[in-house]
Each structure stands twice: as structure tokens, then as C-alpha cells.
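Visitor: Please walk me through this chain. Which details can be read from its atoms?

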Amino acid sequence: MKTEQHYASRKLSPSLQPKIIKTAKPAAYFILLLLTYSLGYLSHHPASTSLPLAPSSPPPQLPEPDIRFAINTTELNPFRITTRCADPIPPETIRRTLVDRLFNGTSPFDNFPPPHAAEKLRRTKRVKGWGSTGAVFENLIRRVRPRTVVEVGTFLGASAIHMAELTRQLGLQTQILCVDDFRGWAGFRERFMNIPMENGDVWLFYQFLQNVVTFNQTGSVLPVPFSSGSTLMLFCEWGVYADLVEIDAGHDFLSAWADINRGFRILRPGGVIFGHDYFTAADNRGVRRAVDLFAKVHNLKVNIDGQHWVIYSS
């Protein structure tokens with residue numbers, strides 16, 4: 001049996017205790033430092049990154065994109081317009097109908113020019129235009145002998161006045177309806193500073209009227225000063241049809257495409273739709289693409305006359 005004396009005999013002597021304490025303190029500090037470093041290392045380097053990575057497999061091969069350049073008939077169906085217009089009204093009633101329904105029965109030429117504009121408008125025999133006297137106008141007027149012409153995009157009226165003079169020379173009773181909002185386009189004032197402006201309103205419409213008056217064509221030319229989209233839709237609803245439709249307004253693809261489609265709907269049987277800028281810089285903005293797509297949709301042929309494109313309805 002172990003006695004208290006036995007345990008007492010196993011106690012360290014007082015001379016050895018300070019030496020052991022001096023040795024244990026640095027060891028404890030070292031162990032604590034090593035443990036702290038290990039925990040920090042493991043927290044910043046996940047175990048998964050320390051393992052060797054398997055060789056990467058090549059990415060899966062994706063199928064080649066299906067790029068098709070040919071246009072087939074099925075793809076053209078969404079572009080076909082099936083809206084039916086009203087029955088055509090007699091050509092001899094068109095001018096009176098438009099004056100009554102658009103201008104409250106008073107022609108825009110009545111009492112023109114107003115006093116405040118009379119001295120500011122130019123009276124000239126040289127009206128600015130682009131391709132406005134090309135051979136295409138006489139070629140088509142002689143061929144079709146139109147009773148009604150719808151011109152989409154008029155500006156100052158150069159081509160409309162030219163067509164009016166041609167029809168007069170041929171003894172035709174033709175009405176030329178000029179569809180244009182007469183606002184020009186953003187930036188056009190840089191090239192046409194001589195057109196008056198008042199309170200931000202450019203007097204393109206007044207100058208157009210003055211040009212028609214100067215050439216004495218007020219009985220043959222009638223302006224329709226609204227957007228091409230709303231006007232051509234209204235012509236369709238009212239039964240206003242044309243033997244010739246000229247498209248020469250917006251030259252970007254969407255504008256040309258919309259005008260061509262709406263203009264074609266009001267074309268009389270045997271009529272012709274045509275336009276400018278098929279071979280000019282404007283074709284880069286989409287005129288030629290719109291014309292070619294339209295001809296493809298309707299199985300029609302695009303004919304060329306100078307810088308103009310021509311499509312016969314039959």
C-alpha cells in the first residue's frame with residue numbers, strides 16, 4: 001500500500017522546477033505558432049486545389065450554324081400583304097374628292113400666297129431635284145397614258161412639274177398627286193439655306209406651291225401634305241388608284257419597303273410602279289434591296305431605265 005510518504009518521495013526537487021518551466025514555455029509558443037500557420041494555410045488553399053488535376057478533355061464540338069442565303073417561297077409568305085382596298089372611284093372625281101375630304105373643299109392654291117409669305121418665296125424656272133427630268137418619265141407616260149399619277153416624295157416639285165408638262169404636251173387629262181409631308185429631312189438646311197424658315201417651320205410646302213404656280217400647273221398638280229404611310233393607306237381605303245406610282249421618298253430599306261408595298265396596292269391593272277436611286281449612293285441605304293425583295297415576293301421583274309427602277313404590274 002502506497003503511503004503519503006511514497007508520493008512525496010516522487011515530487012521534483014525544488015532545484016529542477018525552474019529549469020523545466022523555462023524549457024516548456026518556448027515549446028508551447030512554437031506549437032501554437034505552428035497550429036495558427038496551418039489553420040491559415042488550409043483556409044486559403046482548399047483541399048481540392050492541392051490534388052493533382054486530371055487532364056482536361058477537349059470542348060464538345062458545336063454544330064456549324066445553318067446560314068442560308070437563298071430565299072424560298074415559304075420564307076416570303078410573312079412579307080405578302082393581303083389587305084384589300086376599296087373599289088376604285090372614277091379618275092375624274094379624284095381631285096374633287098381629295099380637296100373636299102382633305103382641305104374642307106378649298107384648294108391649297110386658292111388665295112396663294114398668303115401676304116406674310118409673298119415676298120419671301122423664290123420664283124424661279126429652275127427647280128432643284130434629282131433625276132427629275134430623266135427619260136423614264138416620258139417613256140412611261142407615253143406607254144401608260146395615265147389619268148392619275150401618285151408621286152411619293154416630291155420635295156420642291158421638280159419631277160411633278162416635269163410630268164405635268166409632258167402630259168399637257170400629249171393632250172392628256174392627268175392629275176398628279178404629290179404625297180410629301182414637306183418637312184425635308186434632318187440636316188437638309190445645310191444645302192438649302194435659301195428656303196425661308198419661321199419659328200422652326202421650314203417653308204418647303206409654300207415653296208412647292210409657289211413653284212407649281214410659277215409653271216402654271218395648278219390644275220394638274222395637287223399636293224397631299226401628309227406622311228406617305230398614312231396617305232397611301234387612306235388612298236387604299238377611299239379607292240384612290242393610280243396608273244403610275246413613283247416612289248422617291250425615304251431611301252432607307254424600311255421606308256422604301258413600306259412605300260413600295262403601299263403604293264403597289266393602289267396601282268390600277270396594267271399600271272406601273274417605279275422609283276429613283278437604284279444605281280446611286282442611296283441604294284447603299286436600302287432602296288435596291290427593298291425593290292429586289294418586293295419583286296421576289298410578287299414574282300415580278302425589275303427593269304432598269306437610267307437610275308430608275310421600273311416594275312410593271314402585268
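Guide: Six of the six residues of β6 are buried (under 20% relative accessible area; exposed is over 50%, partly exposed in between; 1.4 Å probe, protein chains only), so the strand is largely enclosed by the rest of the structure. This is a predicted model: local features need pLDDT of at least 70, side-chain atom pairs count only at pLDDT 80 or more, and totals for chains, interfaces and linings use all residues. Residues are numbered from 1 along each chain as its sequence is written, and side-chain values use heavy atoms, with hydrogens and water left out. Helices (H or I, at least four residues) and strands (E, at least two) are DSSP runs, numbered from the N terminus.

Visitor: How many bridges join β6 to β7?

Guide: Strands pair here if DSSP finds at least two bridges between them. On one side, β1 (residues 148-152) runs parallel to β6, with four bridges. There, Val152 stands opposite Ile247. β6 and β7 also run parallel, and the bridges joining them number five.

Visitor: Which residue in β7 is the bridge partner of Leu244?

Guide: Leu244 is found in strand β6 (residues 242-247) and is buried at 1% relative accessibility. Leaving aside neighbours within four places in sequence, its contacts (heavy atoms within 4.5 Å) include Leu140, Thr148, Val272 and Phe274. The C-alpha atoms of Leu244 and Thr148 are separated by 6.8 Å, although the two are 96 residues apart along the chain. In β7, the bridge partner of Leu244 is Val272.

Visitor: How many residues apart in sequence are the parts tied together by Cys85 and Cys236?

Guide: A disulfide (cysteine sulfur atoms within 2.5 Å) joins Cys85 to Cys236, S to S 2.0 Å. The link is left-handed, with -105° about the S-S bond. Both ends are buried: Cys85 at 17%, Cys236 at 4%. Cys85 lies in the loop between α4 (73-76) and α5, and Cys236 in helix α9 (residues 228-238), so the parts tied together are 151 residues apart.

Visitor: How many aromatic pairs does the count come to?

Guide: Rings of Phe, Tyr and Trp (its six-membered ring) pair if their centres lie within 6.5 Å; planes under 30 degrees apart count as stacked, over 60 as edge-to-face and the rest as tilted. Ring pairs also link Phe182, Phe205 and Phe208 into a cluster. By this rule the count comes to seven.

Visitor: Is Tyr206 buried or partly exposed?

Guide: Phe112 and Tyr206 form an edge-to-face pair, 5.9 Å centre to centre with 65° between the planes. Phe112 sits in the loop between α5 (94-103) and α6 (135-144), and Tyr206 in helix α8 (residues 204-214), 94 residues apart. Phe112 is buried at 16%. With a relative accessible area of 24%, Tyr206 is partly exposed.

Visitor: Which ring does Arg101 lie over?

Guide: A charge sits over a ring if NZ of Lys or CZ of Arg is within 6 Å of the ring centre and within 35 degrees of the ring normal. Arg288 sits over Tyr278, 5.3 Å from the ring centre. Arg101, at 4.0 Å from the ring centre, lies over the face of Trp238.
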